[in-house]
Amino acid sequence: MPIGRRCRVTDTLRDAWVIARKDLSIEFRTRSAFFSAVVFALLGLVIFYFAWDPTAVSVTDLAPGVLWVIFTFSGLLGLHRSFGVEIADHAIDGLLASPVSRESIFLGKAIANLIFVIAVQLIAIPALVLFYNLPLGDVLAPLIAIALLAAIGLVAVGTLFSAMAVNTRLAELLLPMLSLPFFVPIVIAASQSTAKLLSGRPAAEGGAWIKLLLAFDIVFVALCTLAYPFTVDD
Amino acid sequence: MSSKISPGGAPIVEVSELTREFGRRRAVAGVTFALAPGECLALFGPNGAGKTTLLRVLAGLLRPTSGDARISGIKLPGGPAARARVGLISHHNMLYEALSPRENVAFAARLYQVRDGGRRVEESLQRMSMLERADAPVRLLSRGMQQRVSIARAMVHSPQLVLADEPYSGLDESGARALTTLLRDLRDAGTAVIVVTHNLAEGLSLATHAALMQRGQFIRYDATDRIDAATYANAYRQAVSGD
């Protein structure tokens with residue numbers, strides 16, 4: 001048997017990356033979920049733009065809400081695809097019967113989803129800046145940090161619920177229904193900290209929201225990684 | 001895989017009073033058997049008899065409800081160490097249709113941390129005569145070709161135990177012949193094989209043991225060299241018709 005397994009942590013991370021690479025290769029070939037998410041995000045920006053009355057709401061009040069609502073819903077499109085590719089032809093059986101740990105499978109899926117969400121953000125955030133003429137200058141680096149923290153939390157929760165919902169007949173409905181209540185703290189913290197940044201408030205004012213995002217990420221990445229095996233082990 | 005190894009030695013598979021329930025239904029009910037290296041068990045029985053469930057327990061996809069099952073001495077569910085020893089072939093091809101055969105088999109080789117993976121991938125594909133179409137997306141291949149790739153995927157890590165659930169499904173005559181030769185070679189090289197099939201002649205020619213399953217139980221378990229094919233065919237027909 002020409003195989004060798006060594007350190008558990010090293011193997012877990014290595015296997016996770018193998019799975020993430022495979023998922024990204026599939027998405028790169030088909031690009032179906034990515035284009036859907038990008039088009040959805042851009043359409044959302046356009047609709048919000050035309051519905052916006054600049055005399056009633058300032059751009060710094062509106063833009064954070066628009067950004068994080070679009071981010072949440074376009075992210076769901078990628079999360080739904082995550083385990084969808086495993087169900088066709090029962091590929092998930094091959095994955096579960098292999099010697100990789102369940103935690104590796106979860107982390108691999110989460111890493112691929114994180115890269116997917118970041119790629120969508122890389123298009124959506126510049127588009128938002130362009131549409132709403134946002135003064136990003138000094139706040140670009142903190143905004144990237146908030147986006148990254150929000151993406152990690154969203155992906156951790158969404159990947160777990162994607163695994164739970166994928167075998168049901170109403171997967172497309174069930175995933176947002178299960179996920180959205182858990183996304184609320186992320187969306188509130190991300191939009192509040194972004195609003196403070198854009199309105200030029202002192203960094204300390206948004207700091208509490210960023211700490212909340214960080215705490216959410218630590219708790220939910222750990223919880224979801226530990227919970228995932230229970231969704232697949234029958 | 002040219003040298004033939006006589007069956008025997010410490011069992012690769014040991015199953016004792018294995019039961020698997022789904023709610024109130026007993027899919028596998030108190031099954032007991034053992035397979036040594038170089039032995040092959042053919043599992044026959046009507047649809048719903050529990051054959052696939054038994055294979056899924058041994059593959060680590062389902063937990064036993066009660067009883068004991070071991071792969072190379074590792075009690076199931078035994079985690080990665082037990083799963084690394086098993087190769088699973090199913091009537092579902094378990095492939096990613098956007099990837100090519102080479103990418104699918106290479107992905108499996110990486111999951112199993114196969115040493116010299118590149119060479120093993122090529123060998124596995126060649127073994128199933130898939131090298132010519134190795135770079136076409138799987139979705140463009142016929143059902144039979146997909147099944148060949150699925151078999152190459154299951155063999156890439158040289159498993160000690162091969163679980164084949166209706167592996168002939170979708171294969172044409174040459175594919176079926178290649179699979180029979182492959183399973184026979186694996187068996188002769190010391191791999192334990194469990195094959196679920198509805199083809200009595202194929203199964204009995206390949207196997208060292210045969211089991212007839214009905215309602216989750218082995219109603220017959222025989223060494224194939226003691227089986228009279230005609231009598232066995234009658235017993236099989238009765239089991240399938242539910243008499």
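**Domains, sheets and helices**

Author: Start with the domains: the centres of domain 1 of chain B and domain 2 of chain B, taken over C-alpha atoms, are separated by 24 Å. The model is predicted, so local features need pLDDT of at least 70 and side-chain atom pairs count only at pLDDT 80 or more, while totals for chains, interfaces and linings use all residues. Residues are numbered from 1 along each chain as its sequence is written, and chains are lettered from A and ligands numbered from 1 in the order in which they are written.

Reader: Which residues belong to domain 1 and domain 2 of chain B?

Author: Domain 1 of chain B is 1-85 + 159-243, and domain 2 is 97-158. The bounds come from an automatic or database domain assignment.

Reader: How many residues of each are in contact?

Author: 11 residues of domain 1 of chain B are in contact with 11 residues of domain 2 of chain B; contact means that the C-beta atoms, placed from the backbone, lie within 7 Å. On the domain 1 side there are 7 nonpolar, 3 polar and 1 charged. Ala, Val, Leu, Ile, Met, Phe, Trp, Tyr, Cys and Pro count as nonpolar, Asp, Glu, Lys and Arg as charged, and the others, Gly among them, as polar.

Reader: What is the strand order in the open sheet of 6 strands?

Author: In chain B the order is 6-7-8-3-9-10, with mixed pairing. Two strands pair if DSSP finds at least two bridges between them. Helices (H or I, at least four residues) and strands (E, at least two) are DSSP runs, numbered from the N terminus.

Reader: Which strands stand at the edges?

Author: Strand 6 (86-89) and strand 10 (217-223) of chain B; each has a single partner strand, so one side of each lacks a neighbour in the sheet. Strand 10 of chain B pairs with strand 9 (residues 209-214) in the antiparallel sense over 6 bridges.

Reader: What packs on that sheet?

Author: Helix 8 (residues 229-241) of chain B does, touching strand 3, strand 9 and strand 10, and its direction makes about 25 degrees with that of strand 9. Angles run from 0 to 180 degrees between N-to-C directions, with axes fitted to C-alpha atoms, for helices over the stretch in contact. Helix 6 (residues 173-188) of chain B lies across strand 3 (40-44), strand 7 (161-165) and strand 8 (192-196), at about 145 degrees to strand 8.

Reader: And the sheet of 4 strands, in what order?

Author: That open sheet of chain B runs 2-1-4-5, with antiparallel pairing. Strand 1 (residues 13-22) and strand 4 (residues 66-71) of chain B pair over 5 bridges. Helix 1 (residues 51-58) of chain B lies across strand 1, strand 2 and strand 4, at about 60 degrees to strand 2.

Reader: Switching to chain A: at what angle do helix 2 and helix 3 cross?

Author: Helix 2 (residues 32-51) and helix 3 (residues 59-87) of chain A cross at roughly 160 degrees, their axes coming within 9 Å. That makes helix 2 of chain A roughly antiparallel to helix 3 of chain A (over 145 degrees; under 35 is roughly parallel, 65 to 115 roughly perpendicular, the rest oblique).

Reader: How many residues of chain A are in contact with chain B?

Author: 27 residues of chain A are in contact with 33 residues of chain B. Helix 1 of chain A gives the most to its side, with 7 residues. By class, that side of chain A has 12 nonpolar, 7 polar and 8 charged residues.

How values were computed: Two residues are in contact if their C-beta atoms, placed from the backbone, lie within 7 Å.
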